[in-house]
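Subject: Structure handover

Hello,

I am passing on the structure we spoke about. Please open it first, then read the notes below.

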Amino acid sequence: MSKILKSIPAVSFLALILVLTPGCGNKKTDPDASPASGTIETQNPVISPESTTENQSVPQVSIPTAPAASTEIPPAASSTPAASATTPSATAPSATAPSATAPSATAPSATGTSAAQAKHKLGELVFIDGTLTIHRKGIIIASKDIEIGDVVYPYDILLTGPKSKAEIDIASGSPGGATIKIAENTAFYFDSRELSEGERKTMLQLLSGAVAIKVDKLAGGSFNVATDTAVLGVRGTTFIVDTIPDGTLLLTCAEGAVAVQGNNGSAGTAEPGTAIVGSLGVVSPESVPLASLGSFRMDWRTEAYAAFGGKALMFIYSYAQAIDKARPDFDASYARLQSQVLTLKTWRDARAAGKVPRFTDYGAEKKAVAGVLFDCLAALFKIERPYYRLLELQTLQASGIGVGTLKDGSSSAAYFKSLEVSGRTLVPAMADIREALALFAWASAGSPLGSFFGSKAASLGSGGIFLGLDG
């Protein structure tokens, strides 16, 4: 990995970060501002732009041309898709970056004033502005039931709504800890394990959108981020990951270094002076002076969204086909997982009671669950990213992107209505599988999960980082 710079002036941080520029105090907007469909919020809307270079924001994008940048946040796009099949003007997601310093809105600490008591809980929401949804085992938690101080648990999917921003804390202030600032139109989940004092392993699956991450310097362990295009390996740094709905990636880094491994085996390192662009599994470096990083990122996003507009219908159809192809195996493996409900309940209850398992515990149970769980994961990792990308594309229809007739002759609007229906069973099933993985990890007593699945685990692609395959 390239040399990690020891320090960058604070103004450079302000020139880099993306997700939110919080106002004064803790802020949570009216949850009813974002409509929900059925029991599952499928809104994953367009990110409204801001455009100051200091905040590394993104100007409003029109297809085929982009208007001048504006410092105003425009009103949210209408929720009614345009009727035309043409590619009209569209708004690209913004990426206004927060400061890399401590969050501006934090939850009240526990009673007492000691440093230990003031620490945040793992996955604690320390800032909310707008609407959030959490997909968790057994429940869909709507924005009205989420408050600052609540915890996003490992393997929960967190989705941000229109003009919405959030920040969670993952053991910040300790080696390998991090703060994650989340842009609008973003879906992700994580797992984080303390392997020993000063050694933490964290994995983040970015399904859509953009995040800004500040990782405290690792004394050991690892911090990895998986995207459509690549897996990122971090060792204490401040960086931004931007993705657009076709999976194209931009990685910009204010300090430190992030190693990137593309899906096709290509590799690169993002650091101050070098950004990484990833597309179709190929990653490549771009030389960018640190002083120009904000404008470079702004221009990249403008051009990427302009280029994507004409391909949106193709990607809607492609993602829909990916789900249709994977769904039979997904449903079959999920049905087999139901035969392990007693074992999963035993683990769930023991974990809730605070039991700390030994590696030798549950040997027969782990052997029985492992094969079924592997098949579930193989199907899950093929279906979850297309699903959450489709939610993102559904929102873009409000700006006219992807409105029209799909390859099979159906309308995109009709497809998204059917997706809302199928999501009512698919989302809980995906949450069940993620919870089973978390329970299996608990029962495995800190052992790398890949050892339970053998050589087959490599077929899981970027999902392999959740099995401890990153070493």
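A nonpolar core here is a set of buried Ala, Val, Leu, Ile, Met, Phe, Trp, Tyr and Cys residues joined through side-chain atoms within 4.5 Å. Keep in mind that this is a predicted model.

The cores come first. The largest nonpolar core has 75 residues. Seven names matter for contacts inside it: Phe330, Trp347, Leu377, Tyr387, Tyr388, Leu390 and Met430 touch the most other members. Helix H6, residues 363–396, supplies the largest share of this core, with 17 residues.

Now the strands. Look at E10, residues 221–226. Is this strand largely enclosed or open? Five of its six residues are buried, so E10 is largely enclosed by the rest of the structure.

E10 has two pairings to look at. Strand E8, residues 199–208, runs parallel to E10, and six bridges join the two. Lys201 is the residue opposite Ser222 in E10. With strand E11, residues 230–234, the pairing is antiparallel and spans four bridges. There, Val225 faces Leu232 of E11 as its opposite residue. The link from E10 to E11 is a hairpin of three residues.

Best wishes

Definitions and conventions
Residues are numbered from 1 along each chain as its sequence is written. This is a predicted model: local features need pLDDT of at least 70, side-chain atom pairs count only at pLDDT 80 or more; totals for chains, interfaces and linings use all residues. Side-chain values use heavy atoms; hydrogens and water are left out. Buried means under 20% relative accessible area, exposed over 50%, partly exposed in between (1.4 Å probe, protein chains only). Two strands pair if DSSP finds at least two bridges between them.
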